[in-house]
Amino acid sequence: MEYINRAKGIKNSLVELQKEEFLGGLESIVPENRFKILVLDEKSLKMIDKVAALFEVLDLDVKRIELLSRSRKTSKKTEAIYMVSPTVENVDQIVLDFTKTGHHGIRGNMYKCAHLMFTGEIPKEVKNKLRKSSIEKFIKSLKVLNVNFEPIESNVFLTPVITNQQEKYLGLETTNKNITEIGKQIIKVCQVLGEKPKIRYLDDNSFGSLGYTKKLAEYIETNMIPIKDNINQSNNKTTLLILDRRMDLYTPFLHELTYEAMVMDIATNCPNIDAKERKVKYLTKQNSRLVEKTMYLSESNKFWVDYRYSYILDAIDGISKRSEKFEAENMDVAMLQKGSKTHPPKIKNVYTFNSNYPQESEKSLNRSMRLDIANLQKIVGKIPRFNEDLSLYNAHASLLEKCIDEFNAQQLLRISFIEQNIVTGTTPDNKAYKTGYSDVLEILSDENIDMCNKERLTMIYMLSNFKMSKEKRDRILAYTGFSSESLEKFRDTYLLGNSPILVSKIVNSCIKRSKLEKRNFFDASLMFPFNISFSSKDNSNELDRHKTILSYIAHSATTGLLDPQLFPPNALQIEAATPTSTKSPIRSPNSIKSPLWLKSPTWQKSTYDNGDGSDIQLDYDKRKLFYKSSEKPKLILFIVGGMTYSEVRDAALIGKEHKTEIYIGSTNFINPNDLLHSLDLFQ
């Protein structure tokens, strides 16, 4: 069982909170004879396996762990805890355990009694099944655990649902059933955090009046109302912001060159990297022979935590310097291990025997030997930690080497440079980019470049140039497997003409409301469609000039500057709230009286030009942004239709910058190649 520690300095870790929910449920059951049996289904076994260690479970007087679907040993004197999903199939098996002793077919009960702990809300059909069964006398307790979500890291989670590819990516044709399943899991995240957040959503009417974000917001608000236990409602500063993947279609196709993104992106080409389980197999030398080991890319991996958001060259430089420092600090251990291969280490005598003073010299010799023995014991004690860290260095060195090999083999330097020029509309020296068509054709005609990378570049270029002539488009499509009809359908289905306008409104609103320098950005409303500049202020990295839409939204959300028209609060909250104020900034503290010298003069306006003749009315008090509060605000971001590792990184860095706990979740992580094939663009 892989144990994932809480990352240093992170409070309210979703991983730790889910572990506490599991272990707390086990600890709450105290049988008369002390010991108990834990029965799991495949899903709950995977959930526990990701957050807790085997010894932590067994330490809670668990006699043994069994799978519900397998044949088990009868223990009529021992109580059993069933931690399973609330499904009819699982209930049928539980009923069988107390009528025909499970798979044995012998009449009677398998265990003394049952404690039912379901990992999600109990559906009506499951409740009815339990009521109609004859095992009510054996059910000693029933509880619902707040664990029905998948924590990836302390601040990252998924709400997986069984769906087809088109629903999985971009949220197309998301059914009411899926909205319900997603909503239940988001509610569990809020419950385990002890929060009843204010809910806002991206008004996605311009995406064709699909209303996924609004429906999801309404479902969560409706079903959060009866929740009272362990929910912080007294001084609520937490906001749940529901977004739509189609707000930013560029980012999923771009090559992100951070350590984490590259590892997950190249995983399909490396059989020893498992992106889904987040683990890497590598070879290391042990006792003069090569041994295969597994490294988990989790928060228990200190180098992964330190460098996962760094660009690949910065990660290589950082780990190399730490490796050199590590080698210098542990030279004694390395020399000891090296010498032990041929002969045992010798204790060096730094004193010489003095025949004139035998007693004094003998005392000095004994003292020296004792000091050297103590030093040797100290060195030997460092060996296990030394070997562990050395193995970790070797694993990351091997992984970084694979990333660089793939970077060079796939010619990602050329491709990424063109991608950044297309999405920003400029070259690194801030000049207008005018050679996109010829550059894309040059890449597409290169037989040494992988077809997947060609298709990704084609999608990026098409998204920014849907108005190109049919002749140019057909020439580009001739190099890929895309069909012209499929691209037209994609544009009509996902872009719908108005979505680029909505995206431009989001960017311009966030920029102006945050009073960022306009010279670093293009006016997005002048470009069609999706050709919006996201150039960052620091252009030192030519392959990182793109800024995700999420970074703008997260920055505005943490400072209370979200446009209430683009990101309206849920209608149910407006009805329940008092009519005196509709403001909902995340960081707005309780009203305080300010001294006269802090008040703005009457001539100072709080409105700014919106670019279309109207004014932006800011919904916050600038003096209160820096007001110190004992309770830190939280922001929960949820993206319907998948998220990228770039967005996870942006959320983490913005949260650190603004000292705000930001949690980000989605239905899945986006794999660019899978996304391409799910869109049904091929002939």
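How many aromatic pairs does the count come to? In this predicted model, the count comes to eight aromatic pairs.

**View 1. Aromatic cluster of Tyr82, Phe98, Tyr111 and Phe138.** The rule used for the rings gives eight aromatic pairs in the predicted model.

**View 2. Charged side chains over the faces of Phe417 and Tyr552.** Arg545 is placed over the face of Phe417, and its distance from the ring centre is 5.9 Å. Lys547 is placed over the face of Tyr552, at 4.7 Å from the ring centre.

**View 3. The open sheet β10-β11-β12.** Three strands make up this sheet, and their pairing is antiparallel. The edges are taken by β10 (273-274) and β12 (289-296); each has a single partner strand, so one side of each has no neighbour in the sheet. Eight bridges connect β11 (residues 279-286) with β12 in the antiparallel sense. Thr284 has Val291 of β12 as its bridge partner.

**View 4. The open sheet β6-β7-β16-β15-β9-β8.** This sheet has six strands, and the pairing is mixed. At its edges stand β6 (150-153) and β8 (198-201), each with a single partner strand, so one side of each is left without a neighbour in the sheet. On average, neighbouring strands are turned by 20° against each other, direction ignored. Within the sheet, β9 (residues 239-244) pairs with β15 (residues 634-640) in the parallel sense over six bridges. Opposite Asp244 stands Val640 in β15. Helix α8 (residues 212-224) packs on the sheet and touches β8, β9 and β15. The direction of α8 makes about 150° with that of β9.

**View 5. Packing of helices α20 and α22.** The axes of α20 (residues 549-558) and α22 (residues 645-658) are 9 Å apart, and the two helices pack at an angle of about 25°. Angles under 35 degrees count as roughly parallel, which makes α20 roughly parallel to α22. The crossing in which α20 passes α22 is right-handed. On the α20 side, Leu550, Ser551, Ala554, His555 and Thr558 make the contact. On the α22 side, the residues are Glu647, Asp650, Ile654 and His658.

**View 6. Packing of helices α14 and α15.** Helix α14 (residues 412-424) and helix α15 (residues 436-444) cross at roughly 150°, and their axes come within 11 Å. The two helices are therefore roughly antiparallel to each other. Helix α14 passes α15 in a left-handed crossing. From α14, Arg414, Ile415, Ile418 and Ile422 meet Asp439, Val440, Glu442 and Ile443 of α15.

**View 7. Packing of helices α16 and α17.** The axes of α16 (residues 451-464) and α17 (residues 470-477) cross at roughly 165° and come within 11 Å. This angle makes α16 roughly antiparallel to α17. Their crossing is left-handed. Thr458, Tyr461 and Met462 of α16 meet Arg473, Ile476 and Leu477 of α17.

Methods: Residues are numbered from 1 along each chain as its sequence is written. This is a predicted model: local features need pLDDT of at least 70, side-chain atom pairs count only at pLDDT 80 or more; totals for chains, interfaces and linings use all residues. Side-chain values use heavy atoms; hydrogens and water are left out. Rings of Phe, Tyr and Trp (its six-membered ring) pair if their centres lie within 6.5 Å; planes under 30 degrees apart count as stacked, over 60 as edge-to-face and the rest as tilted. A charge sits over a ring if NZ of Lys or CZ of Arg is within 6 Å of the ring centre and within 35 degrees of the ring normal. Two strands pair if DSSP finds at least two bridges between them. Helices (H or I, at least four residues) and strands (E, at least two) are DSSP runs, numbered from the N terminus. Axes are lines fitted to C-alpha atoms, for helices over the stretch in contact, and angles run from 0 to 180 degrees between N-to-C directions. Angles under 35 degrees count as roughly parallel, over 145 as roughly antiparallel, 65 to 115 as roughly perpendicular and the rest as oblique. A crossing is left-handed if the near helix is turned anticlockwise from the far one by less than a right angle, and right-handed if clockwise. Contact means heavy atoms within 4.5 Å.
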